[in-house]
Amino acid sequence: MRAESPVHFDEQRETWDVFRYEDVERVLKDHDTFTANRAFDPEKSSNDGDSDGDEDLPMLQTMISTDPPEQTRLRGVVDERFQPGAIREYQPRVEAVTEELLDDLEGEDEFDFVDEFATPLPVIVIAELLGIPAERREEFKAWSDALVARPEDDTEAELERVQREQERAQREMGGYFATLLEERDGGSGDDLITLAANAEKLTRGEQIGFCMLLLLAGNITTTNLLTNAIWSVKEAEVTDAIRTGAVDRQRAIEEVLRYRSPIQSLKRIAVEDVELNGRRIETGDVVTLWLGAANRDPAVFDAPEEFRPERHPNRHMAFGTGVHFCLGAHLARMEADVALGQLLEHFERLEADLSDLQPLNGLYGLESLPCDVS
Ligand code: HEM
């Protein structure tokens, strides 16, 4: 498809599919022409970014669904706290959480990597950064699972059930964040809820949306990065080479991001008529940007279908590009680096069982990944 019809209209899904690296990059960087506001409606004179019950991340107005200058204002509140320097300071906490999870596995010969490691790690890390009390973590996990849940089939009853659950989780979680924001308003803590509460530039609704976005955006994505890393290094038989340092761990993680990108696609809407790679896109048309395909574009990557753990340079777009480039990219990279390093140090033997892989519905990851550590 990338070679034959790189910009292709899918009648059924009513979207343009964009596959080439160059085209995906152009759309993401041209936020004046392609809006991230999923509620954009060319019939309306004002498009203020109200949530439209978006099927991926139903939420209040946040940086991810707005364009500059709104997006710049919303992101500006927190940008500094996710820069490499700030993230480095947080590394010892991530090491301690990782160590605790490994200690909990003590004495087990086999465990499910997804359930017992890759899922709790990012949830605990972001909950700590936000300053959510440890005793509420389970509840937060249940809410965040409900918010990103996908229907198990196409029946109306199932779609309604998922939507009801999402609305309930959004209400409950939003209410809880509202209480915490109220309590911390004017406080001096260094957690992100206090930071949001003290951000005078944000309305209370925007502060709630901000907390929910941070909690949701990084969980399943980082879980999938960790899982795809264990899966890919086992498949390529480089686990020992990474353990000894013969293969660079950080490069291997970048290659996992390219080869098995946790987020496979993003959407934008054209706000004016525009030509893209010879096709005419009209105002209001939805454009789906296939990051997964762009990350395997032979015009940019040698042998793109091969997992090459030492690939360098590696200009993948797994974290997007342009103004919405993933806020949590440095955090996700650091978590993956710490996790992989400590796992390989802790377990002399870590044998992932790849015999019965169950892909996740809609996202690039696995339902489970049994690991033998006996
Ligand atoms: C944005 C991927 C982890 C927070 C994005 C985007 C991508 C992405 C592709 C661009 C969205 C767009 O352009 O529409 C990933 C992947 C991750 C990851 C693959 C893990 C491997 C995280 C973490 C956090 C986070 C850990 C936060 C703690 C965000 C936020 C945005 C974002 C807030 C919106 C930025 C903006 O609109 O300015 N992420 N992400 N992400 N990500 Fe991540």
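## Helix α14

The buried residues of α14 are L331, A332, R333, M334, E335, A336, V338, A339, L340 and L343. Buried here means that 20 or more other C-beta atoms lie within 10 Å of the residue's own; exposed means 12 or fewer, partly exposed is in between, and the C-beta atoms are placed from the backbone. Helices (H or I, at least four residues) and strands (E, at least two) are DSSP runs, numbered from the N terminus. This is a predicted model, so to speak of local features takes pLDDT of at least 70 and side-chain atom pairs count only at pLDDT 80 or more, while totals for chains, interfaces and linings use all residues. Residue numbers start from 1 along each chain as its sequence is written.

What do the buried residues of α14 pack against? They pack against α3, α5, α10 and α12 (249-259), with contact taken as C-beta atoms, placed from the backbone, within 7 Å. As for length, the 18 residues of α14 should span 26 Å at 1.5 Å a residue, and the end C-alpha atoms are 25 Å apart, which agrees. That expected span is 1.5 Å times one less than the number of residues.

## Helix α3 and its kink

Helix α3 covers residues 84-104, and its 21 residues should span 30 Å; the end C-alpha atoms are 30 Å apart, which agrees. There is still a kink of about 40° at Y90, shortly before the proline P92. The bend at a residue is the angle between axes fitted to the seven residues ending there and the seven starting there.

## Around the ligand

Which residues are closest to the ligand? In a shell of 25 residues, the closest are G218, G320, H324, C326 and G328. A residue counts as near if its C-beta atom, placed from the backbone, lies within 6 Å of the molecule. The elements giving two or more residues to this shell are α2, α9 (204-217), α10 (219-235) and α14.

By class, the shell has 17 nonpolar, seven polar and one charged residues. Ala, Val, Leu, Ile, Met, Phe, Trp, Tyr, Cys and Pro count as nonpolar, Asp, Glu, Lys and Arg as charged, and the others, Gly among them, as polar.

## Strands

Start with β1 (residues 7-10), which is joined to β2 by four bridges and runs antiparallel to it. Two strands pair if DSSP finds at least two bridges between them. F9 has W16 in β2 as its bridge partner. The hairpin of β1 and β2 has four residues between the strands, and E14 takes a positive phi near 50° there. β2 also pairs with β8 (residues 286-290), this time in the parallel sense, over three bridges. W16 turns up again here, with V287 in β8 as its bridge partner. In a regular strand the side chains alternate between the two faces of the sheet.

Elsewhere, three strands make an open sheet in the order β4-β10-β9, with antiparallel pairing. Its edge strands, β4 (110-112) and β9 (351-352), each pair on one side only. Two bridges join β9 to β10 (residues 370-372), and E351 stands opposite D372 in β10.

R38 sits in the loop between β3 (34-35) and α2 (70-76), and is buried because 20 other C-beta atoms lie within 10 Å. R38 and S65 are 27 residues apart in sequence but 6.5 Å apart in space, C-alpha to C-alpha. P69 is in the loop between β3 and α2 as well, and a cis peptide bond joins P68 and P69, with omega about 5°. Another cis bond joins H312 and P313, with omega about -5°; P313 lies in the loop between α13 (291-294) and α14.

Two residues to check for phi are E237 and N277. E237 has a positive phi of about 55° although it is not a glycine, and counts as exposed with 8 C-beta neighbours inside 10 Å. N277 has a positive phi of about 45°, again without being a glycine. N277 lies in the loop between β6 (274-276) and β7 (279-281) and counts as partly exposed, with 15 C-beta neighbours inside 10 Å.

Terms used:
Two residues are in contact if their C-beta atoms, placed from the backbone, lie within 7 Å.
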